[in-house]
Amino acid sequence: MKTLSYSAACHMLMACADEIIKSKPYLTEIDSKIGDGDHGIGMAGGMQKALSKLETMADGENVYDLFQAMGKTMLMSMGGASGVIFGTFFSGGAKGKEPSAALDARAFAQLMADSLAEVQRQGKAEVGDKTMVDALKPAVDAMSAYAGEDLVEMLSLAEEAAKEGVEQTKQYVAKFGRAKSLMERAIGYQDAGATSIWIILRAMRDDLKAQEEEGIAQ
């Protein structure tokens, strides 16, 4: 797939929401080890609201509107740090962009890079702090380094990088949230926010691959 149309993007983002909702027990289990245990609940609730919003946006022309709507809905419905950070992940990179009916691989990679920059501006986290940035930064780096034109291939590389980033969080001492107070005791456990980023990128890849195979999108 060389271009992400409005309809393909809407379908993809709805698939992301569905996958996070399905992953609620898994994310809750991960977060209960070193966090407050509410990450899965918060993410599933925010994604349910986002899914309902996206269902009203089937007809549109600007792909960036979908990302902004999803992010703003999560921000308003979730609250707390996760609401701000994951709302920013979806909406931050789309803010201020010129309207576009479709995104190619370069434009999508830039969208994700700008989202990362906004997430880091808001949350101040760096790689190694045991946050979602540990998965998002390597994924963005993989997309930015990709020289091809296929969105599915690019997202496959991003998903693999994010998965490795999640694995790396097991080695880190947390710098934010409840896990910060555990210090070295948090070592050995993966970060729930990073896990959510990996699940989202995997869902993006899988959905676009399925759309391509079914002939829904080109």
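The model is predicted: local features need pLDDT of at least 70, side-chain atom pairs count only at pLDDT 80 or more, and totals for chains, interfaces and linings use all residues. Residues are numbered from 1 along each chain as its sequence is written, and side-chain values use heavy atoms, with hydrogens and water left out. Helices are DSSP runs (H or I, at least four residues), numbered from the N terminus.

**Helices α1 and α2**

- Helix α1 spans residues 6–22, and helix α2 spans residues 24–34.
- Their axes come within 4 Å and cross at roughly 55 degrees. Axes are lines fitted to C-alpha atoms, for helices over the stretch in contact, and angles run from 0 to 180 degrees between N-to-C directions.
- On the α1 side, I20, I21 and K22 meet K24, P25 and L27 of α2. Contact means heavy atoms within 4.5 Å.
- By class, this contact has four nonpolar, no polar and two charged residues. Ala, Val, Leu, Ile, Met, Phe, Trp, Tyr, Cys and Pro count as nonpolar, Asp, Glu, Lys and Arg as charged, and the others, Gly among them, as polar.

- F67 sits in helix α4, residues 63–78. F67 is buried, with a relative accessible area of 0%. Buried means under 20% relative accessible area, exposed over 50%, and partly exposed in between (1.4 Å probe, protein chains only).
- Not counting residues up to four places away in sequence, F67 touches M12, L13, F90, S91, A94, F108, L111 and M112.
- F67 and G93 are 26 residues apart along the chain, and their C-alpha atoms are separated by 8.4 Å.
- M204 belongs to helix α9, residues 192–214. M204 is buried too, with a relative accessible area of 0%.
- Leaving aside neighbours within four places in sequence, M204 contacts M12, L13, C16, F90, F108 and L155.
- M204 and A105 are 99 residues apart along the chain, with C-alpha atoms separated by 13 Å.

**The second largest pocket**

- This pocket holds about 190 Å³ of space. On a 1 Å grid over the protein atoms alone, a pocket is an open set of points where a 1.4 Å probe fits, with protein on both sides within 12 Å along at least five of seven lines; lining residues have an atom within 4 Å of a point. Grid points are joined across faces, edges and corners, and the volume is the space filled by probe spheres set on the points.
- Its lining includes Q68, K72, S91, E118 and Q122.
- Helices α4, α5 (80–91) and α6 (105–123) each supply at least two lining residues. The largest share, four residues, comes from α5.
- By class, the lining has two nonpolar, six polar and three charged residues.
- S91, one of the lining residues, is found in α5. S91 is buried, at 14% relative accessible area.
- S91 touches F67, Q68, G71 and K72, not counting residues up to four places away in sequence.

**Two loop residues: K124 and K130**

- K124 lies in the loop between α6 and α7 (133–145). K130 lies in the loop between α6 and α7 as well.
- K124 has a positive phi of about 70 degrees, although it is not a glycine. K130 has a positive phi of about 65 degrees, and is not a glycine either.
- K124 is exposed, at 59% relative accessibility, whereas K130 is buried, at 3%.
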